[in-house]
Amino acid sequence: MNKIQYFIFLILLSASALAARQNKRAALVPENLRCEYLINPRGIDERYPRLSWTLQSTDSTAFGQQQTAYRIVVASREQLLAVKGDIWDSGWVNSNAMQQIVYQGKPLRSDQTYYWKLLVKDEKGFISKSKMAYWTTGLLDAKDWTAKWVGCQELFDPAVKDCNIRDPWFRKKFQLKVKPAKATLFVASVGYHEVYVNGKKISDDVLAPAVTDHTRRARYVAYDIAPQLKSGNNVIGIWLGTSWSIFGPYVTDSRPKTPIVIAQAAIYNSLAQAKPGIIVKTDESWKTHPSPNQLLGTWDFAKMGGELWDANKEMDNWNSLSCEENKWAEATVYHPKLQLSAQMVEPNRLFKTIRPKDIVANPDGSYRVDMGLNFAGWTELKVKGKQGDKIEFIFSERAQNDMTFNMHSAYIIGKKGSGTFKNRFNYSSGRWITIKGLKYKPQADDIRGWMVRTNFSDAASFQCSDTLQNWIYDRVGWTFENLSLGGYVVDCPQRERLGYGGDAHATCETAMFNYKMGAFYTKWMEDWRDVQGTEPIVGNMHDPKWARKSSMSGRIFNNGILPHTAPTYSGGGGPAWGGIVVSLPWYFYQHEGDKRMLEKNFQLIKNWLSFLDLHTKDNLLQRYGGSWDFLGDWLWPNATAEGMNNDKPETLCLNNSYRVYNLLTAIKIAKTIGQTATAENWGKQAEAYRKAIHAKFYNSTDHSYADGSMANLAAALLAGIPPPELRGQVMKRLEDEILVVRKGHIHAGITGGALLFKLLREEGRDDLLYSMTAQKDYPGWGYMKANGATTLWEMWEKDLPGHSLLHSSYLYPGAWYIEGIGGIRRSADGPGFQKFVIRLPLLNADQMNWAKVSFASPAGFISTSWKWEGKVVNLQIAVPPNCIALLQLRKGESMDQSSRSKHIKSVGVRDGFYTFELKSGAHQLKILHEQVL
């Protein structure tokens, strides 16, 4: 060891010893380090990424723990972190901030790894440090891409029943002098892809990349391939799946109707190299060959189909060096006009292995497999037979139907006489599988399934004394997970796979309170920015009145218009569908404290609201667009019989009220980011619109609006339409509509129900929410349970044909279980949960005797547990370090003197509640009630 090495060794040793002493004394340790909401992300293209963390207490008895300062160190080598931050050292920053800290170091370079750690000081001045974390960059400039887009010459024929092209293989052989120290392969594809190096599949991701508007953009995924490379000969294989490459709205003149890929890897012999030893990239020198896999269906409405595997076309060594390429064709170079950007959202993964519940023989010789629950994902089935036998797998959501929504796959047996079908570039949805073509009864061990979804993390748990509420919470979560494949939320996974904005109202806050959705919603909002300016695609998509005949993309208007789905364009909707671009960023900001979300989408919001201005007369929004462009509420009980898509006052009233709710939300956004002049202008508009709506639609005889529906009453109250002196009477009218007119049942649909639950959550009316969720007959969630549902339905009715039994319609209770029953509420004092509200639900012991809730908030782990004992509620609250809880008590509630401590401070009456400030730590309280509710 020379002198320099010895000197560095001593520094590292002393730094390690000091850190050990400091961590031993400090009871506050940083954890959960994230970069742009992701843990150790690869290949990001954000030049100023944001870093976040939470704090873990090592002393379960401690109260009032705080972060008083932080220091972020970023280095180009992991070893340097203990010595210096050669890329960035923030120095000590006196702040308790833990979220969205913007990187301010040296300019980031493409294809580099950046290692970072965090040091924090607690309230006593003790210092602790985190474990090492990292992020890697993608290709930050367009000029960094020197690869070419390639594909095969087989093109999709839209006139066929099943796709006519097979999923293509691509491969490239190359030589390396030594085993490399670093090699990241960046892969963007139109259509799904898998990556192989020397015969081994890279990563456990499936159905990559995330779904994207392929008229504008392609997202690349970064793969670390260095461990699989070796000195000498190597081969990279890429397998493309047809999938979204033939989706009608994505077809453009510049892109072929076939899957294409662009890939590039700079390979470094050592980390000290400034330039790569070799760059491997897609071009005409790559070889291609059809694979045994083929899409069944045409990736269109109710034609998503499945996959056909022909074992007679197998080539086991296609991705290895031993494969002969003499029968392979040269790849075809294409020139699509697509922006390349990083996939900054979690990949898709397989979850929850699902085994058959029952297998029965049908009279026609087929076999019916009951998987026990409805799910969207992959299946694996082992089969045997004679060469050439075609074994069919037909999927259904309904016990009485062999197939729903044309979900089917197949396997053609090869010369081995046996094989295994497993999805690769498509997925099915259903509970029952009918197997045709087998000459024997399959065994349960031959069949299994998996749910497939975006790999975001869970953030909450819920249990209570009411078994129906537990069932609803569980099914809401399961249904949502089955709808969240590909970095956006679909309405249904079998019929459409469209990202409806209206349905997002029913799911987004449920998702935020139950999962870690930061990267997911950041990506989905980029999708909405991409699709703005193009009209929706509805009705007859080939009618030149509504769409360009040469492709299914809507006409480009560039006037702020939004299609009703993103990134998928198709489908009908109304103002509440496009309006998600206002609501979702604000909910997200309240939840995560992410101001960049507001800033990035502010122009999108302004454009959307200006589009609505084009269709305003006498301060009222007028019907616009085609017959499917002005929907109001959707799928309320018995809606199909009553007629949903109409020009009645009920629709005009709801859409006008929602438009004002959008404006009020936009005003908050504008004020938050300093756009005061815009906020003032919107405020004047909102006031004028309110008066016009009240004058047009208010019924003074019963204090209702339009048809007096729950949807219209909720929308009017959310938008502040009633004058202050009438608000209480309108709220009482809504209460009567629920409890008296509808006998405690819900009578709203997707958008109206989401607005209703949003209003009642804000108002703290847990009693009304409980009434609607507690009913066991039609309409309601209990009715679904009584009818054997394992996922939530599209409609309140079960057996109307053509409707999905796995849908996004009625997932809005999911947020209430955490926020309402758990009582964990966002604080108006600041976003991101460093300050949050705790409020007991407005329920009596007969309705619910106890509940336990946990929530991994952006600022740390929060939990509540409460139980009735006579007129006393025993309440336990865990407040994470560096956070404050505001306990709100209603009139008639009081804190028992035995619960008081120096860690709890009364701050008087705020917002109509007796309020106490709770420092971080575990609190056990007794809340007294003057009378049982």
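This is a predicted model: local features need pLDDT of at least 70, side-chain atom pairs count only at pLDDT 80 or more; totals for chains, interfaces and linings use all residues.
## Helix α14 and its two partners

Let's start with helix α14, which covers residues 766–774. One of its partners is helix α2, made of residues 467–482. The axes of these two helices come within 10 Å and cross at roughly 85°. Angles from 65 to 115 degrees count as roughly perpendicular, so that is the label for α2 and α14. On the α2 side, the contact is made by Leu468, Gln469 and Ile472; on the α14 side, Tyr770, Thr773 and Ala774 take part. Sorted by class, this contact has four nonpolar residues and two polar ones, with no charged residues.

Helix α12, residues 724–741, also packs with α14. Here the angle is about 30° and the axes are 11 Å apart. Angles under 35 degrees count as roughly parallel, and α12 and α14 are therefore roughly parallel to each other. The crossing of α12 past α14 is left-handed. From α12, the residues making the contact are Glu735, Ile738 and Leu739, and they meet Leu768, Ser771 and Met772 of α14. By class, you'll find four nonpolar residues, one polar and one charged in the contact of α12 with α14.

Now for a single residue. Ser657 sits in helix α9, which spans residues 649–672. Is Ser657 buried or exposed? Its relative accessible area is 0%, and buried means under 20%, so Ser657 counts as buried.

Who does Ser657 touch? Setting aside neighbours within four places in sequence, Ser657 is in contact with Ile693, Ala715, Ala716, Ala719 and Ile721.

## A three-stranded open sheet

Next comes an open sheet of three strands, in the order β1-β2-β5, with antiparallel pairing. Its edge strands are β1 (28–35) and β5 (101–102), and each of these pairs on one side only.

Take a look at the link between β2 and β5. Strand β2 covers residues 50–57, and two bridges join it to β5, with the strands running antiparallel. Leu51 stands opposite Ile101 of β5.

## Strand β25 and its pairings

Strand β25 runs over residues 367–384. How many of its residues are buried? The count is 15 of 18, so to speak a mostly covered strand. Strand β24 (residues 358–361) is joined to β25 by four bridges, and the two run antiparallel. Within that pairing, Ile359 has Val369 of β25 as its bridge partner. The hairpin of β24 and β25 has five residues between the strands, and Gly365 takes a positive phi near 95° there.

β25 has other antiparallel pairings too, including these. With strand β29 (residues 428–436), β25 pairs over seven bridges, and Asp370 has Trp432 of β29 as its bridge partner. Five bridges join β25 to strand β30, residues 447–454, where the bridge partner of Glu380 is Arg448.

Definitions and conventions
Residues are numbered from 1 along each chain as its sequence is written. Side-chain values use heavy atoms; hydrogens and water are left out. Axes are lines fitted to C-alpha atoms, for helices over the stretch in contact, and angles run from 0 to 180 degrees between N-to-C directions. Angles under 35 degrees count as roughly parallel, over 145 as roughly antiparallel, 65 to 115 as roughly perpendicular and the rest as oblique. Contact means heavy atoms within 4.5 Å. Ala, Val, Leu, Ile, Met, Phe, Trp, Tyr, Cys and Pro count as nonpolar, Asp, Glu, Lys and Arg as charged, and the others, Gly among them, as polar. A crossing is left-handed if the near helix is turned anticlockwise from the far one by less than a right angle, and right-handed if clockwise. Two strands pair if DSSP finds at least two bridges between them. Buried means under 20% relative accessible area, exposed over 50%, partly exposed in between (1.4 Å probe, protein chains only).
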